[in-house]
Amino acid sequence: MVKIAAVSMAALVGSAAAFAPASKSATSTSLNAMSKSLPFIKAPTNTEGWVGDVGFDPLGFSDYFDMKWLREAEIKHGRSSM
C-alpha cells in the first residue's frame, strides 16, 4: 500500500512540473543583435519573451501590430488550414 502511495505521489509531482513556468535563459538583446533563425537580419525586439521566439519576423509585423493579436491570428489560421 505504501508503494502505491509513493508511486502515485511521484506521478502527481511529475505532472505538476509540466505546468510550472519555464525559466528564462539569461540572454540579453542588444540593439545590434542578430536573429537566430535568419542570421543576416536584426532580431526583432517585440517578440522577445514569447514562446517559440527564435527571432523570426522578417517583415516586421511585430512593430506594427500587437503581439497578442498576431498570436491569436496565427492559431486561428493554423487551425483552419488543418
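**Ground rules.** I'm working on a predicted model, where local features need pLDDT of at least 70 and side-chain atom pairs count only at pLDDT 80 or more, while totals for chains, interfaces and linings use all residues. Residues are numbered from 1 along each chain as its sequence is written, and side-chain values use heavy atoms, with hydrogens and water left out.

**Whole chain.** I counted 3 helices and 0 strands in the protein chain, running α-α-α from the N terminus on. For the record, helices (H or I, at least four residues) and strands (E, at least two) are DSSP runs, numbered from the N terminus. Of the 82 residues, 12% count as buried. My cut-offs for that: buried is under 20% relative accessible area, exposed is over 50%, and partly exposed is in between (1.4 Å probe, protein chains only). I also checked contacts between residues at least 6 apart in sequence, and 3% of them join residues at least 24 apart. The chain exposes about 7,200 Å², with 66% supplied by carbon and sulfur atoms; such areas come from the Shrake-Rupley method with a 1.4 Å probe, and for residues only the protein chains shown count as cover.

**Back to Ser62.** I placed Ser62 in helix α2 (residues 61-64). Is Ser62 buried or exposed? Ser62 has a relative accessible area of 5%, so I logged it as buried. Its side chain makes a polar contact of 2.6 Å with that of Asp57. That term covers a pair of N or O atoms within 3.5 Å; within protein, one must be able to donate a hydrogen and the other to accept it, and residues adjacent in sequence count only if both atoms are side-chain atoms.

**Rings.** I pair rings of Phe, Tyr and Trp (its six-membered ring) if their centres lie within 6.5 Å; planes under 30 degrees apart are stacked, over 60 edge-to-face and the rest tilted. By this rule I get 2 aromatic pairs. Phe61 and Phe65 have ring centres 6.2 Å apart and planes at 50°, so I call the pair tilted. Both residues are partly exposed, Phe61 at 42% and Phe65 at 40%. Ring pairs link Phe61, Phe65 and Trp69 into a cluster.

**Second largest pocket.** I noted a volume of about 360 Å³. Of its 17 lining residues, the closest to the centre are Thr47, Phe56, Asp57, Met67 and Glu74. Helices α2 and α3 (67-81) are the elements that give two or more residues to the lining, and α3 has the largest share with 4. A pocket, on a 1 Å grid over the protein atoms alone, is an open set of points where a 1.4 Å probe fits, with protein on both sides within 12 Å along at least five of seven lines; lining residues have an atom within 4 Å of a point. Points are joined across faces, edges and corners, and the volume is the space filled by probe spheres set on them.

**Loop between α1 and α2.** I found Gly55 in the loop between α1 (2-17) and α2, buried at 6% relative accessibility. Beyond residues up to four places away in sequence, Gly55 touches Ser35, Ser37 and Pro44. I get 9.9 Å from Leu59 to Pro44, C-alpha to C-alpha, for 15 residues apart in sequence.

Technical notes
Contact = heavy atoms within 4.5 Å.
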